[in-house]
Structures are given as structure tokens and as C-alpha cells.
Amino acid sequence: SQIVHDVSVEGDEALFRYTKQFDGHDLSAETVEVTEEEKQEALYRAKPEDREVIELAARRIEEYHRHQFAQGWSMVDQEGAELGQLVLPLQRAGIYAPGGKAFYPSTLLMAAIPARLAGVREIVLVSPVKGGKLNPLIAASAEVAGVDRIFKIGGAQAIAALAYGTQTVPRVDKIVGPGNAYVAAAKKLVFGQVAIDMIAGPSEVVIIADETANPAFVAADMLAQAEHDEMAAAILLTPCTDLADAVAAEIKKQLHTLPKKEIIQKSLLQCGAILITSDVFQAVELANLFAPEHLELMVENPKGSLGHVRNAGSVFLGSYTPEALGDYIAGTNHILPTEGTARFSSPLGVYDFYKRMSVLSFPREAFEKLSGATSHFARMEGLDAHAGSVDVRMKHSKKR
């Protein structure tokens with residue numbers, strides 16, 4: 001809260017001070033924004049094979065999200081009044097891309113492409129840099145996704161800069177993209193001053209599997225989830241005791257081959273579980289209570305089970321639809337509600353970068369038909385001036 005307050009009051013001065021304190025490098029008004037030369041230098045360092053897979057992911061993400069366009073509408077009611085709604089893109093969106101312990105060019109694609117498709121006028125990216133140099137994968141993803149400006153800032157101070165604006169960082173209408181706990185806390189603090197996508201917690205997967213599932217597949221997907229960080233949750237729900245035992249054995253077997261072994265072990269110990277249910281239906285009911293970010297259905301009839309799913313950010317059907325596909329190449333968005341918020345929240349999409357505006361047009365005849373009821377309702381609420389604004393028109397209309 002102190003960081004957010006200081007940036008809101010002091011602007012660049014606090015932004016650069018906290019960047020020096022937390023990220024260890026000096027910035028100024030002249031160096032905070034990535035120049036065209038710096039971007040081109042970073043793009044030059046991007047491997048061609050990396051650029052190729054980023055472009056493939058971008059094409060698939062765009063293809064999927066093109067189905068999410070929203071349109072305005074209008075109607076003329078029985079009184080002759082025209083009522084409608086305009087759907088307008090936000091003017092400026094801010095995207096946060098982590099650059100500390102981890103960096104996720106995939107998340108940048110997931111955030112920027114829907115914003116561009118919605119028609120956002122300017123897309124601003126903030127991402128902390130190591131050694132003062134832009135990460136080549138972040139540069140390539142920003143280029144492919146259509147990001148307009150990039151700033152070398154991160155943490156709570158970057159969120160505050162986007163929310164309030166500084167002398168060099170423009171104020172945005174909405175901030176999207178996950179970060180660490182400090183970024184999440186800052187987004188919560190600035191909400192209301194600016195729109196945000198969500199308060200992202202640790203990542204999570206619930207896997208529902210029956211006797212038809214391959215235990216090696218299940219174990220691999222649990223390990224993939226657990227390597228995010230020590231607080232990531234990987235949970236298996238199964239009515240099959242033999243499968244549960246086989247998955248536990250596979251986890252031990254596969255764990256030794258992975259470089260992030262220590263993180264995975266802590267994650268599984270603190271937040272992992274294998275639970276035996278009476279049947280698949282009970283497993284789905286438990287998953288609905290958990291409302292997981294990711295839900296995998298490795299069961300004999302995954303589409304049949306899908307009909308009972310009510311709460312999940314994204315659902316993966318069948319043994320050959322691992323979460324990793326959705327994270328990178330499938331095209332669906334991987335910025336998803338966590339910590340049970342899938343009960344009322346949705347994946348990030350094009351619709352998150354629109355706002356809706358009501359439009360009303362009453363000709364005199366339509367006004368006359370509804371004026372009496374309007375005036376009456378205003379006086380019911382004790383708002384005589386509201387009623388008066390209708391009454392004066394009624395009197396004028398009767399004179400004509």
C-alpha cells in the first residue's frame with residue numbers, strides 16, 4: 001500500500017526509486033521505455049525456432065478468440081422509444097508480464113491478442129528486465145501480439161504506475177496479466193481506480209480419472225502443475241484405488257527426472273492430494289465445490305461428465321488433452337480464475353476489453369406515454385426534482 005500510495009503521489013520519482021530498490025537497476029524518464037533500437041536488438045537475439053512456435057501459438061489464439069466478438073443492438077419498444085446498447089473497446093490496456101523468477105511470453109500472447117481483437121487503441125506492456133535488457137522472448141511475443149509500448153518496470157510499482165499514470169507511464173483503463181503476490185496485492189488496491197482482470201492466486205489443477213486412465217499421464221500432469229511454485233495445487237479425484245496407487249508410484253518415478261524437483265516436492269506436500277471417491281459423479285461434485293482453474297477429465301466418457309461440471313476455468317477432455325496444450329498452443333486462454341473464483345468468473349477474453357454504453361431516444365409521443373409513471377416513481381422515492389424534470393416537459397407538451 002505504501003508503494004502504491006507513493007507512486008500515485010510522486011509519479012516517476014517513486015517509480016524509479018522502487019525499481020532501484022527491488023530490481024537493482026537505475027531508470028530515468030529517458031530510459032524507462034523500451035526504444036525501437038532496444039526492441040530490435042532483443043528481437044535479433046530471439047532464436048528463429050522460438051519465434052516460429054510463438055507465431056504458431058499466436059495464430060491459434062487469434063483464431064479461437066475471433067469467436068468472442070460482441071455487437072451493439074437497438075430496439076423500438078411498443079411506446080415508440082428507441083433503446084439500445086453500444087459496445088465500445090477500451091482506449092488503453094495495460095499488460096503485466098512477469099520477469100523475475102519466471103517469464104511467460106505465452107501469458108503476454110493470451111492478454112494482448114484479445115485486447116487487439118477488441119479494438120483497444122493502445123496496448124501498454126510492463127515487464128521487469130534483468131540487466132537492463134528486454135527478454136528476447138518477451139520482445140518477440142510483444143511484436144507478434146501487437147503491443148504498442150513497453151516499459152522496463154515490474155512489481156507493485158508498475159501496477160500503480162499503470163493505474164494512476166506518471167510523467168512517463170500512461171494511465172490505462174484496465175490492467176491484465178498475473179504476477180507474484182505483491183503484484184496481486186497491488187492490483188487489488190488499485191481496483192476501482194482502474195479495471196483489473198482478476199486477483200490471480202497460485203495455479204491449480206483437479207484431475208478426475210477412472211480405471212481407463214493411464215497413470216503415467218495423470219502423474220505427469222500433476223507434476224507439470226506442481227512445478228509452477230510451492231503453492232500450486234495438483235489434486236487427483238478417482239474412484240479407482242488401483243489407479244491412485246499407480247499414480248503415486250509414477251509420481252515418485254518421474255519426479256527424479258525433473259530439474260525443479262525441490263519445488264515440486266514442496267508443492268505436492270503442501271497442496272497436493274490423491275482422493276478416493278465413491279464414483280466419477282461424486283468426483284465431479286467435489287470438483288464443482290473446489291471450482292478449479294484447470295479441470296482434466298480422464299474418464300471413459302468425458303463429454304458425458306462435462307454435462308455435470310458447473311465450476312471450472314477451463315476443462316480438458318480425454319487423456320490426450322493435457323493442460324499444457326491449453327497453456328500454450330490450443331488457442332484457448334490460459335489466464336483463468338483461481339482459488340474458487342471460477343464459481344462466478346470466466347477466462348480472459350475479447351469481451352474483457354469492451355465496455356457497454358446504454359443509449360435512449362424518446363420522441364415526444366413516447367415521453368407522454370411514460371411520463372406519468374416516471375413522475376410517480378420519482379415521488380415514491382422522495383426525489384421531487386426528478387419528478388419536476390418530467391412534469392415541466394409534460395406541461396410544455398400539453399400547451400402545444
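1. Leaving aside residues up to four places away in sequence, Gln 225 touches Ser 203, Glu 204, Val 205, Ala 232, Ala 233, Ala 234, His 294 and Glu 323. This model is a predicted one, and the contacts should be read as computed from it. Gln 225 lies in helix α9, which spans residues 215-226, and its relative accessible area is 1%, so it counts as buried, the cut-off being under 20%.

2. An open sheet is formed by five strands, in the order β10-β9-β8-β11-β12, with parallel pairing. Strands β10 (273-276) and β12 stand at its edges and have a single partner strand each, so that one side of each is left without a neighbour in the sheet. From one strand to the next, the twist averages 15°. Helix α10 (residues 241-255) packs on this sheet, where it touches β8, β9 and β10, and its direction makes about 170° with that of β10.

3. Strand β12 (residues 314-317) has a covered face made up of Ser 314 and Phe 316, while Val 315 and Leu 317 make up the uncovered one.

4. Which residues of helix α12 (residues 280-290) are buried? They are Val 280, Ala 283, Val 284, Ala 287 and Asn 288. These residues cover an arc of only 145° around the axis, which puts them on the same side of α12. The elements that cover the buried residues of α12 include the strands β8 (204-209), β9 (233-238) and β11, together with helix α13 (302-306).

5. On the α1 side the contact is made by Gln 2, Ile 3, Asp 6, Val 7 and Glu 10, and on the α2 side by Asp 12, Glu 13, Ala 14, Leu 15, Arg 17, Tyr 18 and Phe 22. By class, the residues of this contact divide into six nonpolar, one polar and five charged.

How values were computed: Residues are numbered from 1 along each chain as its sequence is written. This is a predicted model: local features need pLDDT of at least 70, side-chain atom pairs count only at pLDDT 80 or more; totals for chains, interfaces and linings use all residues. Side-chain values use heavy atoms; hydrogens and water are left out. Contact means heavy atoms within 4.5 Å. Helices (H or I, at least four residues) and strands (E, at least two) are DSSP runs, numbered from the N terminus. Ala, Val, Leu, Ile, Met, Phe, Trp, Tyr, Cys and Pro count as nonpolar, Asp, Glu, Lys and Arg as charged, and the others, Gly among them, as polar. Buried means under 20% relative accessible area, exposed over 50%, partly exposed in between (1.4 Å probe, protein chains only). The arc is that of the directions from the helix axis to the C-beta atoms. Two strands pair if DSSP finds at least two bridges between them. Axes are lines fitted to C-alpha atoms, for helices over the stretch in contact, and angles run from 0 to 180 degrees between N-to-C directions.
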